[in-house]
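Here are my notes on this model, as numbered points. Please read them with the structure open.

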Amino acid sequence: MLKEILAITGKPGLYKIVSHSGKSLIVEDLTSGKRFPISPRDRVVSLGDIAMYTEEEDKPLGEILDAIYAIENGKQLNVKDIIAGEGLKGRFALYEPNFDKERVHDSDIKKLFSWYNLLVDKGFTKFSEEKPEEVKETEEPKKEDKKDSEAK
């Protein structure tokens, strides 16, 4: 789902891919609903490709958005109150306690919170991609078993 939602450098907000047109994409602003083309020169990133730094391995943005949604019971965040209160990093630690405090900046967290608010406002309730269950491979019979069964 987040693969279809884009952030465009230099443009506020988030955009949904509507279609492809030649060498450009047609996107729709999630806030206004206005559609327009973006060219290959525009720096575009899919939210599904974004991850946040943690002390161990990077965590996909969808998993963090799901954690925020679960802890906040689907309610929007008041970023101004958070900044005035415990601060952005203090609040972010509730959702991802293991985040890398040196590489994750306040501006990153503020942008994440604004994206969360926008997505929730547009009715999003699930953000991470569901991983298909791992298929268990059937075990090959041991070579000895094959020989024994052929001999019989």
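1. A definition comes first. A nonpolar core is a set of buried Ala, Val, Leu, Ile, Met, Phe, Trp, Tyr and Cys residues joined through side-chain atoms within 4.5 Å. Buried means under 20% relative accessible area. The model is predicted.

2. The largest core. The largest nonpolar core has 30 residues. Which of them touch the most other members? They are Leu14, Leu47, Phe92, Leu112, Phe113 and Leu119. Two or more residues each come from S1, helix H1 (61–71), helix H2 (79–84), H3 and H4. H4 gives the largest share, 8 residues.

3. Leu119. Leaving aside residues up to four places away in sequence, Leu119 touches Leu2, Ile5, Leu14, Leu30, Leu47, Leu65, Phe124 and Phe127. Leu14 and Leu47 are also among the core members with the most contacts to other members.

4. The other core. A core of 6 residues lies apart from the largest one. Its members include Ile8, Tyr15, Phe36 and Ile38.

5. Overall layout. The protein chain has 5 helices and 7 strands. What is their order from the N terminus? The elements run β-β-β-β-β-β-β-α-α-α-α-α. The protein chain has 152 residues, and 34% of them are buried. Take contacts between residues at least 6 apart in sequence: 55% of these join residues at least 24 apart. The accessible surface is about 10600 Å². Carbon and sulfur atoms account for 48% of that surface.

6. Ala7. This residue is in strand S1 (residues 5–8). Is Ala7 buried or exposed? Its relative accessibility is 10%, so Ala7 counts as buried. Beyond four places in sequence, Ala7 touches Leu14, Arg43, Val44, Val45, Leu47 and Trp115. Take Val45 from that list. Ala7 and Val45 are 38 residues apart in sequence, yet their C-alpha atoms are 5.5 Å apart.

7. Aromatic pairs. The whole structure holds 5 of them. One is Phe92 with Phe99: the ring centres are 4.9 Å apart and the planes stand at 70°, so the pair is edge-to-face. The cut-off for that label is over 60 degrees. Phe92 is buried, at 0% relative accessible area. Phe99 is buried too, at 1%.

8. Tyr95 and Phe113. Why is this pair edge-to-face? The ring planes are at 90°, with centres 6.0 Å apart, so the pair gets that label. Tyr95 belongs to helix H3 (residues 88–95) and Phe113 to helix H4 (residues 106–121), so the pair ties together parts 18 residues apart in sequence. Tyr95 counts as buried, at 4% relative accessibility. Phe113 is buried, with a relative accessible area of 0%.

9. An aromatic cluster. Tyr69, Tyr116 and Phe127 form one cluster. Phe127 is also among the residues that Leu119 touches.

10. Charges over rings. Which ring lies under the charged end of Lys101? It is the ring of Phe99, with the charged end 4.6 Å from the ring centre. Phe99 thus takes part in two arrangements, because its ring also pairs edge-to-face with Phe92. The charged end of Arg103 sits over the ring of Tyr53, 3.8 Å from its centre.

Methods
Residues numbered from 1 in each chain as written. Predicted model: local features only at pLDDT ≥ 70, side-chain atom pairs only at ≥ 80, totals over all residues. Heavy atoms only, no water. Phe/Tyr/Trp six-rings, centres within 6.5 Å; stacked < 30°, edge-to-face > 60°. Buried < 20%, exposed > 50% of the residue type's maximum accessible area, 1.4 Å probe, protein only. Helix = DSSP H or I, 4+ residues; strand = E, 2+ residues; numbered from the N terminus. Lys NZ or Arg CZ within 6 Å of the ring centre and 35° of its normal. Contact = heavy atoms within 4.5 Å. Areas by Shrake-Rupley, 256 points an atom, 1.4 Å probe, with all protein chains shown as cover.
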